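Subject: The two-chain model, handed over

Hi,

Here is the model I promised to send over. Have a look at it first, and then read on for my notes.

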Amino acid sequence: MLSVRQKKDPARVAKAPRKTAPAKKPASPKRAPAKPKPVVHSTGGLKAPIYKATKEEMLDFYEQMLLIRRFEEKAGQLYGLGLIGGFCHLYIGQEAVVTGLQTAINPGKDSVITGYRDHGHMLACGIDPNIVMAELTGRASGISKGKGGSMHMFSVDHGFYGGHGIVGAQVSLGTGLAFAHKYKEDGGVCLAYFGDGASNQGQVYESFNMAELWQLPVIFVIENNQYAMGTSVNRSSAEDQLYRRGESFRIPGVQVDGMDVLAVRGAVEEVLKDVRGGCGPVLMELKTYRYRGHSMSDPAKYRSRDEVQDVREKSDPIERLKAALLKKGVKEEDLKALDKKVRKTVMEAADFAEESPEPDLSELYTNVLVEQY
Amino acid sequence: MAIELKMPALSPTMEEGTLAKWFVKEGDAVTSGDILAEIETDKATMEFEAIDEGVITKILIAAGTDEVAVGTVIAEMAAEDEETDSAADEKPAESKGSKEPAESNEPEKADEPVPADEAKPEIMEEAPAAPISRADDPSVPDGTSMVSLSVREALRDAMAEEMRKDDTVFVMGEEVAEYQGAYKVTQGLLEEFGPKRVIDTPITEHGFAGIGAGAAMGGLKPIVEFMTFNFAMQAIDQIINSAAKTNYMSGGQMRCPVVFRGPNGAASRVGAQHSQNYGPWYASVPGLIVIAPYDAADAKGLLKAAIQTPDPVVFLENELLYGRSFDVPELDDYTLPIGKARIIREGSDVTIVSYSIGVGLALEAAGSLAGEGIEAEVIDLRTLRPLDTETVLNSLAKTNRMVVAEEGWPTCSISSEIIALCMERGFDDLDAPVTRVTNEDVPLPYAANLEKAALIDSARIIEAVKKVCYR
């Protein structure tokens, strides 16, 4: 059973308490008369319903995850060659999270915001890999004209609001985007992604409070990749079951296997029903893992090689979906062909990013302000 | 002994108020905690409670009296056990007053003169400024009639006008709605625009500044009120890292049209943590507009401009100016240009550059200096970023001498910036070193005498002007 806030329709309420009998919290006395809504309290270890994907959908997820993986591998190479500078945070290992979530939302209507580990989110939003890679290499054709870099990329057209370099800032900003959805009554939902590290920042809780108080359509997505730089969740978080972090604000939480794209998609489908239905925010904790260092200059002293290898072998999201596809009768060579196609796309993006000119020096002074004063 | 009941100060900056209502009459026995009277200021209405037990012997200020200075004796009472004696000591003729019907005495007492308030801090003394003309303002057509508005009302009107025009404009902050504004700047907005657009936030500056910035990124035009800018330090990351830099970092794709506004600078006797001028802090950040108006017309015209512009704005008000009234043009849409200073007083001998509350002190100084044969030109910068360097340099070229007056610290200040500007681009026009007059370089102390010593005043500006004029 999925532990999200129950919807008001009786069918679903009746269905809810099947395996566990979660305690019902009393509704807020202040709002109770206006909106009587039973709230299901998640008790941990709950399994999200697995999304029943068609073969075509599964192939699409596979291709998207593969694109992110190959793109990031290439970015790592370009960094090693000195073509990408500064900080570069790779998403390898976490592909199922963003793929499962982004395929469930409405790109024209909903908004997405994340932190600095943002390349995967942009690709999952359907943004052209060429201009993402060109931003990484600091070129004029980059999505931010070369002025943002790896951590600061945006595409309002795709509902992608960054790309933010300050840990936790995107949670307040995302709550503001949700505020705008509600204010404009446009039916949109904001997905605000942040990591296990950011989940200890003060402004995250300030935002939780206001999001629930004002019943904003926001999904707080904690990508728990186990390490905030080199500090493991256990060493930084008094409550390490991060899906419970919204409890004192009456925000229900869901814990999901973030290495399984179908589990992620299945969970978010349920969550979206509630958030779109006007029940206020829901918190999702996606348990995932990053294979690479925090950034390119990670000493990797805080975990063993064996630990990483173990996850790669046992839980890799791409391998897992590949096995499911093969089981469904998809041929190995078809998957190889997909891989080839993705590699070509990434190769072209890298060439584009390398060959594009650097921004004109006059760009130094543009876009500081919108207006002339 | 008679106990004197004095007009209370309801806030650190209150100088006078209206004695709206008496809840007791002469002869009434009161105990500690009883409500004696209702006092009104332009900011708030408060109940005045008894602290001692006794009998009200005299009511000296009648209900409905305006402009009663803080500290004025408004009534007398006798402690219960020595009522007769004490009254006899003080005013023998009225020793039985407590037993007579109160009504008979009231009209007489109302006519008594109200003592002048002698405890007014220096900085709160308004300049006996020459009437400020807005004739130089190109946006004010000849013959426009003027209305006298307080800075507080002008700010409220600016917000209300923009909210009527544009549905995406809303106000959020602590106590902006039901309380009607901690300093009453948002008074009446909830009533007109409702709770969807006038939003009380919890006390979480960091969070709601981020929500405001995010809502702006999402296509709205938020006005985020900080109760004072001292509390915005909790939120400064969102102001600088999120609001100011997004347009640049996105290559011009993503806008953040938010206004962060609230009182800035020293108020009165509120100590170091509540008394700081953030003008120089924000003015150092590319990507922000920083506005710090002095008078009501500028407050209105520039706040409207701030709300309209697609760029993020830090709008620095001043609590001590909220209650002061100035002429404001009666125009339908009085919007002023951002980034333009104003020559508020013309002069030929020296230029005094200032902004916000410093402008009042500069005008006061200029008035005194005129009596000594020194004609000072006074420039109100109005916008601190982008700075109107041309107006400053043109005035320097005319007067060849300059003093910068700033209610704030000297180090890395707007004054420092103006001095650097004059060195770099006006050196040949200088007949004397540019001098700055600022607050002392210390956290603002609480004690009245120390606070007075730490804050800029007109006497120091006069002294500096004489120095650069070699007088």
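Which residue in S21(B) is the bridge partner of Ile352(B)? The partner is Val403(B).

Before I go further, some housekeeping. This is a predicted model, where local features need pLDDT of at least 70, side-chain atom pairs count only at pLDDT 80 or more, and totals for chains, interfaces and linings use all residues. Residues are numbered from 1 along each chain as its sequence is written, while chains are lettered from A and ligands numbered from 1 in the order in which they are written.

**The sheet in chain B**

Chain B has 14 helices and 22 strands; these are DSSP runs numbered from the N terminus, with helices being H or I of at least four residues and strands E of at least two. Five of the strands form an open sheet with mixed pairing, in the order S17-S19-S18-S21-S22 (chain B). Two strands pair if DSSP finds at least two bridges between them. Strand S17 (342–345) and strand S22 (435–437) of chain B are at the edges with a single partner strand each, so one side of each has no neighbour in the sheet. On average, and ignoring direction, neighbouring strands here are turned by 30 degrees against each other.

The pair I asked about is strand S18 (residues 350–354) and strand S21 (residues 402–405) of chain B, which are parallel over three bridges. Helix H10 (residues 357–371) of chain B packs on this sheet and touches S17, S18, strand S19 (376–380) and S21 of chain B. The directions of H10(B) and S19(B) make about 170 degrees; angles run from 0 to 180 degrees between N-to-C directions, with axes fitted to C-alpha atoms, for helices over the stretch in contact.

**Around S19(B)**

S17(B) and S19(B) run antiparallel, joined by three bridges, and Ile343(B) stands opposite Ile379(B). S18(B) pairs with S19(B) in the parallel sense over five bridges, with Thr351(B) opposite Glu377(B). Between S18(B) and S19(B) the chain passes through H10(B), in a right-handed β-α-β crossover (with the strands pointing away from the viewer, the path from the first strand over the helix to the second runs clockwise).

Is S19(B) buried or exposed? Five of its five residues are buried, so S19(B) is largely enclosed by the rest of the structure. Buried means 20 or more other C-beta atoms within 10 Å of the residue's own, exposed 12 or fewer, and partly exposed in between, with C-beta atoms placed from the backbone. Ala376(B), Val378(B) and Asp380(B) cover one side, and Glu377(B) and Ile379(B) the other. Of the 471 residues of chain B, 51% count as buried.

**Where the chains meet**

The contact takes 34 residues from chain A and 37 residues from chain B (residues are in contact if their C-beta atoms, placed from the backbone, lie within 7 Å). H6(A) gives the most to chain A's side, with eleven residues.

H6(A) packs on helix H6 (residues 236–244) of chain B at an angle of about 80 degrees, the axes being 11 Å apart. The two helices, H6(A) and H6(B), are therefore roughly perpendicular (65 to 115 degrees; under 35 is roughly parallel, over 145 roughly antiparallel and the rest oblique). Ala169(A), Ser172(A) and Leu173(A) meet Asp237(B), Gln238(B), Asn241(B) and Ser242(B) there.

Happy browsing!

Note on methods: Two residues are in contact if their C-beta atoms, placed from the backbone, lie within 7 Å.
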